[in-house]
Amino acid sequence: MLSSTSVRAYLHLHFLVMIWGFTAIVGLMVSISPVALVLYRTLFAAVGLGLVILFFKKPFSAAGRDLVKMLSVGFVLSAHWMLFFSSARVSTASVCLAGMATTSLWTSLLEPLVNKRKVRPLEVGLGILAFAGLYVVFKFEFDHALGLGLALASAMLAATFTVANSRLVQRIDAWVITFYEMVGATLFSLLFLGISENKNWNGGAPFVPAAGDWVWILFLAFVCTVYASTMATQLMKQFSAYLINLTINLEPVYGIALAFFIFGEKERMTQGFYMGTLLILLAVLLYPLLTTAILRKRNRKIIEAGK
C-alpha cells in the first residue's frame, strides 16, 4: 500500500502512467491499422526485451505452466491494445482514455476472485465512483458511444492482465514476464491480422508503415512497452494490482491534457466530459487517503485491545 512504499516509487508509477497517456495520441499519428500497429509494437518490443535479457545474462527458462500463462496474458494484452487504438480511431484520444478509467472497477471485482480474498467495499466504492465519472462522460459524449464501448472492453482486459501479472511477478523476473507476453502478443496479433485482412476489418488502412510512422512505432515498442510495461510489472512487487490500476485512472487526465496540447480544438470536449474526468481523479486521490485512515483506525484498535 501507499503508506509502506517510497515516494520515489510512487512518482515513478505516475511517470509511467503519463507515458501511457501518450499512447492513444501516438495511435492517431500513424497511418496503419490498429492491428498492424500492435503487431509491429509487440514484435519490436519482444526483440528489444530479448536483447536486454541476453545483455544482463538473465535466464529465459520458465516452467511449462508459467510459460503458457505468460503467452496467454500476451494474447489478452494484444487484444487490449487493439481495442484501445481502435477506440481512439473511431472517436477521439480523450474519449478512449476516459473509458480506460473503469479499469479499477474491473480490478476490484477480478482481483479478489483470483487471489481468493474478500471484496473490499472501499475498492468497489471508489471503482463505482470512477464509473460514475465515466457515466457523466458518456451522457455528454453520446455520439462517441462506439469508441467508449471499445475502451470499456479494453479496460476490462487491462484489469485481467494486470491481476495476472501481479501473481506472476512474485516468482518470475519482470523482464522475462514482459518478454514472453510480447511474444504471445505478437503471435496473437499476427493471427488476428490475417483474419482482419481476409474479412476487410481494417477499414482500408495500410499494413506497411509510412516513413514517418516508424518513429512512433519504435517509441511505442521501446519506451511505452520495453521500459514502461516492464517497470510497471516490477512495481507490482510494491503495489497491489488495484492501486496500480487506480493510479492508471490518471491516464486520461495526462492524456487529455497532452492531446489538447498537440491537437488543439479537435480534442476540446464538453463541460460534462471534464466533470466526469474530475470524478475519476477524485477516486484516485481518495484511495490513499482513506486507506491510510482505515489502517490508523485499525492499528489504534489493536493497541487499545492490547492494553
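Me: In this predicted model, buried means under 20% relative accessible area. Which residues of α12 are called buried?

Reply: Glu-251, Pro-252, Gly-255, Ile-256 and Ala-259 are the buried residues of α12, so each has a relative accessible area under 20%.

Me: What puts these residues on the same side of α12?

Reply: The directions from the helix axis to their C-beta atoms are what the arc describes. That arc covers only 115° around the axis, which is why they lie on the same side of α12.

Me: How do you know that the span of α12 is close to the expected one?

Reply: Helix α12 (residues 251–263) has 13 residues, and 18 Å is expected at 1.5 Å a residue. From its first C-alpha to its last, the helix reaches 17 Å, close to that value. Gly-264, with a positive phi near 70°, follows α12.

Me: Which residues touch the most other members of the largest nonpolar core?

Reply: Of its 68 residues, these are Ala-24, Ile-32, Leu-37, Phe-84, Phe-85, Met-182 and Phe-239. Helix α3 (residues 34–55) gives the largest share of this core, ten residues.

Me: What is Ala-24 in contact with, leaving aside its neighbours within four places in sequence?

Reply: Its partners are Phe-84, Ala-88, Ala-93, Cys-96 and Leu-97. They are called contacts because heavy atoms lie within 4.5 Å.

Conventions:
Residues numbered from 1 in each chain as written. Predicted model: local features only at pLDDT ≥ 70, side-chain atom pairs only at ≥ 80, totals over all residues. Heavy atoms only, no water. Helix = DSSP H or I, 4+ residues; strand = E, 2+ residues; numbered from the N terminus. Expected span 1.5 Å × (residues − 1). Buried < 20%, exposed > 50% of the residue type's maximum accessible area, 1.4 Å probe, protein only. Core = buried A, V, L, I, M, F, W, Y, C linked by side-chain atoms within 4.5 Å.
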